[in-house]
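Okay, everyone, let's get going.

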Amino acid sequence: MTTYVITIPGTFLRELSEGARAEVEETLRPADPQQTSLGRLEDLDILTINENGTFSIRLEVEADDSGSAEAQAKAAAATALSRAGFTEDDAPLGPAAVTGIDV
């Protein structure tokens, strides 16, 4: 198994409250990339939100290959957003991408 850092872009089409943000971050905390050497070195945040509502979620995922890692990360991101009250229409996700490999 290899440890990947996966980045998933998205857009909030309605406002994200502080409570909802905390829910997303807490749900994703076990996959926080800060636990990898790359994440610590690059100071990667689990959730970055821009002023225009776009965001990036960065997750650490263990998988056999990059495709599996991307799918696993995207599912985790969708679950976290759902728990915070966001549907796919409220916060659509873009394509996941490998942004680091920690061997």
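So, Arg58 sits in strand S3, residues 54–63; helices (H or I, at least four residues) and strands (E, at least two) here are DSSP runs, numbered from the N terminus. Keep in mind this is a predicted model, where local features need pLDDT of at least 70, side-chain atom pairs count only at pLDDT 80 or more, and totals for chains, interfaces and linings use all residues. Residues are numbered from 1 along each chain as its sequence is written, and side-chain values use heavy atoms, with hydrogens and water left out.

Is Arg58 buried or exposed? Buried, yet Arg58 has no salt bridge. Buried is under 20% relative accessible area, exposed is over 50%, and partly exposed is in between, with a 1.4 Å probe and protein chains only. A salt bridge would need a side-chain nitrogen of Lys or Arg within 4 Å of a carboxyl oxygen of Asp or Glu. The nearest side chain of opposite charge is Asp45, 6.1 Å away. Lys and Arg count as positive, Asp and Glu as negative, and His and the chain ends are not counted.

What does the Arg58 side chain reach, then? The backbone oxygen of Asp45, at 3.5 Å. There's also a polar contact to the side chain of Thr48, at 3.0 Å. That term means a pair of N or O atoms within 3.5 Å; within protein, one must be able to donate a hydrogen and the other to accept it, and residues adjacent in sequence count only if both atoms are side-chain atoms.

Thr48 has its bridge partner in S3 too, namely Ser56. S2 and S3 run antiparallel, joined by 3 bridges; two strands pair if DSSP finds at least two bridges between them. Zooming out, we get an open sheet of 4 strands, ordered S2-S3-S1-S4, with antiparallel pairing. S2 (47–49) and S4 (97–102) are the edge strands, each pairing on one side only.

For the whole chain, the elements run β-α-α-β-β-α-β from the N terminus on, and 40% of the 103 residues count as buried.

Over in helix H3 we have Arg83, which counts as exposed because its relative accessibility is 56%.

Last, confidence: pLDDT is the predictor's confidence in each residue, from 0 to 100. The chain mean is 89, with 87% of residues at 70 or more. Helix H3 (66–83) has the highest mean, 96, and helix H2 (37–42) the lowest, 54.
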